[in-house]
2 protein chains.
Amino acid sequence: MVLRSKSFARYIFQNQHKLIQQLLQTQQLQIRLCSGGSQQIQQALRVEEDDMPKISQAAPVAAPFPMTLEHAPDVGEQFRYADLSVRLAAPHELSPKPDTDDMAFGKYFTDHMLKIAYHKRLGGWQKPEITPMETLNLHPAAKVFHYAVELFEGMKAYRGVDGRIRLFRPNMNMARMNITAYRSGLPTFEGGELIKAMSRLIQIDSEWVPHTESASLYIRPTLIGIEPTLGVASSDSALLYTILSPVGAYFKPGSGGLKLYANPNYTRAWHGGVGDRKVGSNYGPTIHVQKEALKEGCHQVLWLYGDQHELTEVGVMNIFMLYVKENGERELLTPPLDGLILPGITRDSILRLCRQWGEFSVKEQKFTMTMVQQLAKEGRLLEMFGAGTAAVISPIEHIAYMGDEIHIPTESHQAPIYRRLYDTLTGIQYGKIEHEWAPVIA
Amino acid sequence: MVLRSKSFARYIFQNQHKLIQQLLQTQQLQIRLCSGGSQQIQQALRVEEDDMPKISQAAPVAAPFPMTLEHAPDVGEQFRYADLSVRLAAPHELSPKPDTDDMAFGKYFTDHMLKIAYHKRLGGWQKPEITPMETLNLHPAAKVFHYAVELFEGMKAYRGVDGRIRLFRPNMNMARMNITAYRSGLPTFEGGELIKAMSRLIQIDSEWVPHTESASLYIRPTLIGIEPTLGVASSDSALLYTILSPVGAYFKPGSGGLKLYANPNYTRAWHGGVGDRKVGSNYGPTIHVQKEALKEGCHQVLWLYGDQHELTEVGVMNIFMLYVKENGERELLTPPLDGLILPGITRDSILRLCRQWGEFSVKEQKFTMTMVQQLAKEGRLLEMFGAGTAAVISPIEHIAYMGDEIHIPTESHQAPIYRRLYDTLTGIQYGKIEHEWAPVIA
């Protein structure tokens, strides 16, 4: 079932509830959409998605972060999916679902949320609960408001062409979230248990997972420190919660590739800091610079580092460059995970796919603006693109850098690599390509 | 009035109480120091405390930040103290006041708080309101929880020896808060109006201002972005609030000077970042490092920067070093405001006082760990101390640095400078020394 027409897509989206039922019946699947599916989730997650034997045999890739983290002894009790309680929204509390055309990123939210409290004094993690979407009531001295004791992940649930709902490498997000929690003085947790609880949440709000390949359900697990004391110290109380938001494209389509603002006066992250951890502190300070980029007629900031103006990230994405080496061979570069770079899961997936393809060399290596300028001048710069969960892959068309206007011919090629990567990744995510990376959860 | 002579300067300083009274009388100013209400606050604040003509004529000090900031045209309406509404707590809502011995930093809070909402769609800043202390009810997608869209100030109200309540250079906090808001994509506001509203809050909770010189009422103005959307962008809704907390000493007394943990693998701030703005993002990432310092038997982190291991800050304070130059003269150093350093108000006050004293040279200049090691070895290192609102001045006794254990003889001197600065600053704050820096608000 391929949805090319917009009106057809809208029809599907508005009638998704009935269509799902029909589809499930024809496929003889017995997925109960709004009841306890823990067994099914556990089965789906049994697919180990983080070690991909086929690819890693072809070309080993260093893990961007440890997939398991030992809990500190003083963290206390862990929460368990088995203890999850569910309080459903009353019919009058349900929100209307937005039109696909109006799905600005992270503007609409589903009817329910997942909450898990942590209180060291009560022994550790408390029981998880799914509740109607509701405000958080926090003490005004909660550390999250003062010292940015907060971190998050970005994930998506995809409605496949078969009507089933998939995640994408969720164990990677859990592993990254745990090392970030550790770095933030917040309690670590069992990622597998959170995936199960979030999957249950998605099942309950499954009608919110858009029936189109041009949209998905964005998943935002968030961990905040809520202890109401003003000392700059670890928070002995925390709240782990997950909200869901149906999203269209992060960037507005039809505008061609990205125009980037590269101003060496601003730095995103630095050695000895937290640039490789998904903490709120990496984002707040970028907002002013992003405003400046918009004023300069650019879409996003290209973040540079150091005297050599190394490229590090673009907006909230990792950056890739495909170019022709002096010997005529093609090479794909992305900056290495040296502490300045967020270890992106899309980044990792791209590296693994390209190394599996084996058609060009793939390197995690620093590159500078001088190199970009030189390659562009010599016609050896082929493609540049950003990569991340929200935007998937975004082609770059232009860089404004210290008075120079550099054109990147990313979209001038017949069959660009970025497009093939986009099609492969979304193919896996939307169930067109069966793959261990995309476990079915509903 | 030009102050060239050291002794004359000292005379002025020591007799400023009488001199100011005379000055006020000759200028026919009618500052009523101790009665209720807005008129009095307005009058008290009419004393411009940020340009100190006498001192700056003698030895000009560069302003650490602009004292006024033009509001961007799209900020909209400003709030006004005149529109303040007050809803008092019912008798059963009042909290018992803690014993002075149990006043851990920022653990207890007063009965009321100040709140001012900002909604761009509603035209800008809304009317200020004082309410009973209560939880904040925020959407779980509020930007403050995800992207650290948050900033704060630290101020104190002091119960003087005359029973009256004083602030300390509040206009400086307001100016710094506004440049921080601008850098954070949050709306700016009229600092003078906020001081008046906060002063009213303190008057209402005035019984919470401790009647002792060993404690004070900590004031925490906080500005958070509350727009419930997940895009990394300016927040079109914000909440400016102030809570009050009676506090004792930030560091436990009786433990001698601070032991510092100096690990060059961690960096607090960097060029092109926000190290010179009071945003939450500067604090969260330090908590893990502070935990490491405690594990190593140290009290606080000494933050180093760059290959030369420049000293930048200590814990949440600015750092000062008094040493003997090769020509035998004493010199006080503190790192310059080059973007890495928070422009502290205690820092600025120390520089102004020491330049006014004129007894040793005072420089805002980088210094490195190699220099500290060398001076300590040669017996030329006299004192090191941290300075900030919460801790006032904290002597440093010891630095653990790359296997070296450096002893700092700060407390070995007969009449250390840090102690004189402490006595002078607290003397001003507690009304023992009448001074323009400490306007009476109740």
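In this predicted model, chain B and chain A bury about 4900 Å² between them, 62% of it on carbon and sulfur atoms; buried area is the accessible area (1.4 Å probe) that two parts lose on being put together, summed over both. The table gathers the tallies for this meeting of chains.

| Item | Value |
|---|---|
| Contact residues | 61 residues from chain B and 61 residues from chain A |
| Salt bridges between chain B and chain A | zero |
| Polar contacts between chain B and chain A | 28 residue pairs, both at pLDDT 80 or more |

Contact means heavy atoms within 4.5 Å. A salt bridge is a side-chain nitrogen of Lys or Arg within 4 Å of a carboxyl oxygen of Asp or Glu. A polar contact is a pair of N or O atoms within 3.5 Å; within protein, one must be able to donate a hydrogen and the other to accept it, and residues adjacent in sequence count only if both atoms are side-chain atoms.

How do the copies relate? Chain B can be laid on chain A with an RMSD of 0.0 Å by a turn of 180° and a shift of 0.0 Å along the axis, superposed by least squares on C-alpha atoms of residues with pLDDT of at least 70 in both. The two copies are thus related as by a two-fold rotation axis.

Now for the helix: just after H8(B), Gly297(B) takes a positive phi of about 80°. Helices (H or I, at least four residues) are DSSP runs, numbered from the N terminus.

Residues are numbered from 1 along each chain as its sequence is written, and chains are lettered from A in the order in which they are written. Local features need pLDDT of at least 70, side-chain atom pairs count only at pLDDT 80 or more, and totals for chains, interfaces and linings use all residues, while side-chain values use heavy atoms, with hydrogens and water left out.

Methods:
Helices (H or I, at least four residues) and strands (E, at least two) are DSSP runs, numbered from the N terminus.
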